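Hi,

Here is the structure I said I would pass on. Have a look at it, and then read my notes below.

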Amino acid sequence: VRRRVRGALLATLAVLPMLGPLLWEHALPRLRLISDAGLAAVTPVEQPLNVRAFAGQWELLLVLAWFGLAYAQQRAPLWELVLVLLGASLGLARLGNLWLTAVLYVPALASRLVAAEASLQPIGRRGLLVACAAVGLCLGSVASVLASRPPGLPSEAARVLASEPGQATVFTNRPWAGAVQQAMGPNRPVLGAGDLSSEDALDYLRVSLAHANWDALLRQHGVDLVVLDAADAQAAAAAEMRASPDWQVAFDRDGILVAHRVRA
Amino acid sequence: VIATEQVGVGVEPKGSQLARWLPLRRLWPLLVIAGAFIGPASNPIGLPDIWWTLQGGAWMVEHGRLLVSDPFTSAPPTSGPVYNVQWLAQLIYFGVFHLGGLEMVLTGTAAAIALSYALVLGASVVASGRLRLACLSVAIGYLLAFSNLSPRPQTLAYPIFGCFVLAVTRAEWRRDTRLLWVLPGLMVVWANVHGSFFAGWLVLGCAAMGRALSERSLRAATPYLAALLGCCLAALVTPFGPGSLVYVASMGSNPVIRDLVTEWAPTSVSFREGAFFFASVAGLLVLMLKARVKLSLTELLWLAVFGWLAISSVRAIVWWGLIVAPSATRLLGSLAADSPSTSREKPVLNVVIFTAILGMLAASLPWLKSEMPLLPEDKRALVSAADTPLQVSEYLRTNPPPPGRVFTHLAWGGYFDWANWPTFQPFVDGRIEIHPAQVWLDYLTITFPGAEWRSLLDRYAVSTLVLDRVADGDLANLVAADPGWRQTYEDDQAVVFVRA
C-alpha cells in the first residue's frame, strides 16, 4: 500500500509542471476537442500542443517515461495504454486540455512507477530515489508556475486607471486583464478579461498589431480607454496611440501605456 | 533485394508459365512503387519552389557560371555571401526541363520518389524478410510524406537518403558493408543538391553509436565511423567548402524561418500531416510494446533522432516516413503469421492486376493525363491554377509594370521569377534566407495591413502592387479606396494597382 501511495504521489507530482500555464488563466478548466484558430492567436492555452512550448516538452517526456518503463518492464496493460493515448490526444488537440491529460496520466504512470520501485534493490536506495524525484518534481512545478506567470500591472498604472472616468469598454493587454478589471471595478467591461469569441480574439490581435483600421475596430467595440504593453506585444499599437490626435496618453512608463479617447 | 531467398520461401508457382513469370510476390512491390510514382506524377505543380529552381538553372546555363547572387527579386538582399547549395539541383531540374518541358520535370520527380520508396522497401525486406508487410509499412510511410513530394531540390535528396537507409540496413542485418563505401560519393551529390545532407550523417551516426554501444566496442562500429568520416569530408566538396555547413546552420537558426514559415513550424495536430504523424508514432509505440521482437539500438536511435526532427518541424516528417518503415516491418512481422508459402497463385487475376497497374501508371503520365476524362479538371493540368498566378502573369508579360519595385504576393514570387523575369523582378519569392528579417517583417506589416503600409510602400519605392484577392484582401480594399493608387487589372485571383 505504501508503495502504491508513493507511486501515486510521484506520478501526481510528475504531471504538475505541465499545468503551470493553465494556472494563470483565471478560468475554470474546460475541454475542447478542436483548437480555435482565432483564440489560439491570443492565448497559448487554446493552441494545439507542440514541443516549442514547455508544456509540450513535458508531456512528451511523460509519455516517453511511461513508455520507457512499460517497454523495459515488458508490461503494458490495455487500460494504461488507453489512458495514455487518450490523454496524449487531448493534450495534442489543445493545451488547455492538459488538466484532463494529467488526470488520465496519473494512474498509468503510478502503476509503472510502482512496478519500477519494486524492482529497485537494495531497499535503502528506494526511499532516497523516490525522495530525490519528488523534490525535483516539486521544484520543477514551482519553476513552471513562476515561469508562466504573466507580468503584473504596476500599482501606479492601476491608480491612474482607477481615476479614469466613464463607463465604456477598456481594451487591455490580455495578461493584465484580470488586474485591470480589478482596478476598474466589476461594472466596467474589459475586453480581454474572461472569455473571448473567436472574432473578438482576431480583433484584439488586429488592434494589438496596429492594423490600419485599429481605431475603427476600437470604436466598433465601444472602447475609449486602452492599457497597452508598449514594450513588447502591443508596441506598434502604442506608437499609433501616441501619434493619434484622437487619443490622449495618461500614463506612459515602464512599458505600459494608458490612453483615453479625447475626440468622439 | 525483393528476390531474396527469404522472400516467399518455398513459393513454387504452379500452373501456367504466366504464373511463374508473374507471381503475387512481384505484384505487391510493384503496386507500392507504382503508387509512389502515380501520386507526384499526376499532381499539378502547386509549390512555387520549382520555378526559381528552374530559373536558377537557366541562369547558370546562360551565363556559364555558378549563381551566387540573387538577380530575380527586388527586395533588399541580406548582407554576406549567398550560399546557393542547391545549384546542382537547379541544373538537374533545368536539364530535365530542357529534355521534355514541365511534363518531364513531373515525371522525373515522380521517378525519384518511386526510387526512394523502392530503396526503403528493399531496406524493409532486408531487415524483416517480410515482403507484404514491408509493402504495407512503406505505403504508410509514403502517406505520411504525401504533402512533401513536390518537384523541388529537397525531393532529389530522398533517393540518396533511401540509399543510406538501405546501406546501413544491409550492414546491420546482412553484415554486408559494401554499400557503405558508396555513401561518401552519394554525399558529394547530396551536399550540392540540397541542405538536408546532414540527415545522412544522422543515419550513419546513429548506426555507429548503436553498434558501438550494443557491442560495447568502438571497433565494432568501424565501418560506420569510416563511412561517416568519408561523408563528413564529402559534404565539403562543394563550391562553397565549409560554407554549405554555415548555410545549414543559418537555416536552422533563422528566426524568420523558425517562427513565420508554416513548413518549418513545430508539428501539431492542426496540420493534416501532423495528425497523421502523431497517429504513426502512437501506432509504432503500441507495436513496440506488443511485438515479440526488440528493436536494435540503432533502430531506437533512428526513431528518437528522426522522431525529434519530425516533431520539431513539419517538413521533417518526410524523413520519419522513410526511416520508420524497416523497423515497423520488423515489429509487424513478429506479430503476423508468415503465410506466403500456402497462398495459391491466380495467374489470370495477377495479369489483370498487373495490367491495371500499368494502365494507371500510363494514365498518370503528364503527357496523357490531360486526356483522361475521369480525372477532375484541376488534376488534368500541369500547373495548379489555384496556386499559380497564370492569368496575371500573362497580363504583366504584355503590359510591363512602370519603373519601381513590384510588390507581389509572396507565394507567387517564384512563378514570376520563372515567367516574368527579367521583365520585372517580384519583391520576394519565398527564399526566406536571401532577405534580412526586417524585409519580412515589413512585408507582413504591408500585407496585414498595418497602419504603416503606406509609408513602407513609399520607403521601398513600390510602383506596382500585384495582390492576391483573398490572402491580401484587406490591403487590396484599402488600396482601392486610396486616391494615390489606380487599379489596372483584376481577375478572379489577382488584382494589380499602380501609382496614380
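A:D254 sits in the loop between strand 4 (247-253) and strand 5 (256-261) of chain A; strands here are DSSP runs of E, at least two residues, helices are runs of H or I, at least four, and both are numbered from the N terminus. Its phi is near 50°, a positive value in a residue other than glycine. A:D254 counts as exposed because its relative accessibility is 64% (exposed is over 50%, buried under 20%, partly exposed in between, with a 1.4 Å probe and protein chains only).

Before you go on: this is a predicted model, where local features need pLDDT of at least 70, side-chain atom pairs count only at pLDDT 80 or more, and totals for chains, interfaces and linings use all residues. Residues are numbered from 1 along each chain as its sequence is written, chains are lettered from A and ligands numbered from 1 in the order in which they are written, and side-chain values use heavy atoms, with hydrogens and water left out.

Chain B has a positive phi too: B:R175, a residue other than glycine, has phi near 55°. You'll find B:R175 in the loop between helix 6 (153-173) and helix 7 (183-193), and it counts as exposed at 54% relative accessibility.

Now for the cis peptide bonds in chain B. One runs from B:W421 to B:P422, with omega near 10°, and B:P422 is in the loop between helix 19 (413-419) and helix 20 (437-447). Another goes from B:F448 to B:P449, with omega near -5°; B:P449 lies in the loop between helix 20 and helix 21 (453-459).

Cheers
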